[in-house]
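Morning, everyone. I will go through a few features of one structure, so please have a look at it first.

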Amino acid sequence: MRVTRAWPERASLVKGIAFAGTLACVGWAVAIADTGRLDWLFLVLALGAIGANLFDARTEAQRVSISGLALAAILVIAFFGPAWAFAVVVTAELIDWCITRYRPVSMLVNIFGGGAPMLVAGTVFEAVRPAEDGSVGFYLALALAAVLVLVLNLVLVAWLTSLLDGFPFLPTLAGASRTLVVSLAINVPLALAAAGLCLELGVGGSAFAAFTLIAFGYMANLVATARHRSRQYASLSWGVLSGLLRTLDVRDPRAARHAAAVAAFSRDIARASGMGREECELVHTAGLLHDIGHFALSDRVSERGRVLNDEDWTAIRRHPELGADMLRDLGLYGPVAEIVHAHHERIDGRGYPDRLSADRIPEAAKIIAVAEVYDTLTAHDTYRTPVSSFEALTELRRVSGTQLDGRYVEILAELLAGSDITYRHADAADFGRELDLERRINDAAAS
């Protein structure tokens, strides 16, 4: 566990603690160091530790990360003692700091938080290890040392970061320890396997293990970087879409609320029809963005009280195509673009823009069509006098089989039967809540 960001609050206190702790550890290491134990194996493990640490996977949003440095240092404990494991950690952290130049207080925390556990765990290992390397007792002692390294590292870094943040220690420790079990389950067996490899194959096996550590760190770094860039791209794309809809809402004050209402109704219809989670999410997203093509229309078509001419209606009928083109240009939204393109098609083939009929219309577009007509009839901010939920359903049933898909009309009717007036008249639908921007960005980054 390593700190990769720092905070100005209480930095002087933490810097002093980490510096004093590091000096004490240096004195301890010098007192117990045994230079007679060093050989080529140590050099290979040290280089592996340094390389793994340099490729440590991290992003700007992460405060801590786990690297192959600890694993390599545990092997140094097994064959060369705690003092040299501490030296490897210090050297790796200093080289990393010289290259990346992150905050000095974070560097001190990393040295103390990573080095002190090596000395403690290594001393315990030296006290309980049997005389014969490779015996059952040897591996049990090394497993204990590995556990101590990971646990003490977690406790020390959590304590120091809680001081930096000004947060209580125990909640900070609890939050940081959520991945500890997984880390132990992975790293302890790896340490034992790598130790066995070193014993069986010597320097050659160690070189392979070191190269594997570096390669793993490098690949993990590539994955972390790709996810970070994906998150940035998703943030930009959704930021643009959100901005367009909110700008549209200034021109037409019902736009954002209507988009949120259609998205909520569409998601609920999709879920009740038996669609899976991903399909429901797709329907919800398309519902949220179904009218984004209106942004490309002139202001006159959004003005209340204006009588629209044939040219205006021709322009309005283009908004599904315009919206779909905008979504395709932003990327990541291919399936959504197809649904938006078809949400004004009709079952009888008399819709627009492509006069699709029945089975040629995407199911999600049929759902959105039902939700949009219902909200337009019942909401109080539309251009027409709102009607009751019962009257709206009567109208929806009247056009079932011609304009709308009757199956989804009846599913909506079932949903409304058990709902209160707030749900039936979605006047309070909130665009920001339905958008849930942070979740969408995180989902895009993780996919």
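At what angle do helix H14 and helix H15 pack? The model is predicted, with local features needing pLDDT of at least 70, side-chain atom pairs counting only at pLDDT 80 or more, and totals for chains, interfaces and linings using all residues. Residues are numbered from 1 along each chain as its sequence is written, and side-chain values use heavy atoms, leaving out hydrogens and water.

Now the helices. H14 covers residues 363-378 and H15 residues 389-398; the angle is about 140°, and their axes are 9 Å apart. Helices here are DSSP runs of H or I, at least four residues, numbered from the N terminus. Axes are lines fitted to C-alpha atoms over the stretch in contact, and angles run from 0 to 180 degrees between N-to-C directions.

Which residues meet? From H14, Val370, Val373, Tyr374, Leu377 and Thr378; from H15, Ser389, Ala392, Glu395 and Leu396.

Next, Gly287, in helix H10, residues 277-289. Gly287 is buried, at a relative accessible area of 0%; buried means under 20%, with a 1.4 Å probe and protein chains only. Beyond its neighbours within four places in sequence, Gly287 is in contact (heavy atoms within 4.5 Å) with Ala259, Val262, Ala263 and Ile368. From Gly287 to His258 is 29 residues in sequence and 9.5 Å in space, C-alpha to C-alpha.

Last, helix H5, residues 104-128. Of its 25 residues, 18 are buried, so H5 is largely enclosed by the rest of the structure.

Definitions and conventions: Helix = DSSP H or I, 4+ residues; strand = E, 2+ residues; numbered from the N terminus. Buried < 20%, exposed > 50% of the residue type's maximum accessible area, 1.4 Å probe, protein only. Expected span 1.5 Å × (residues − 1).
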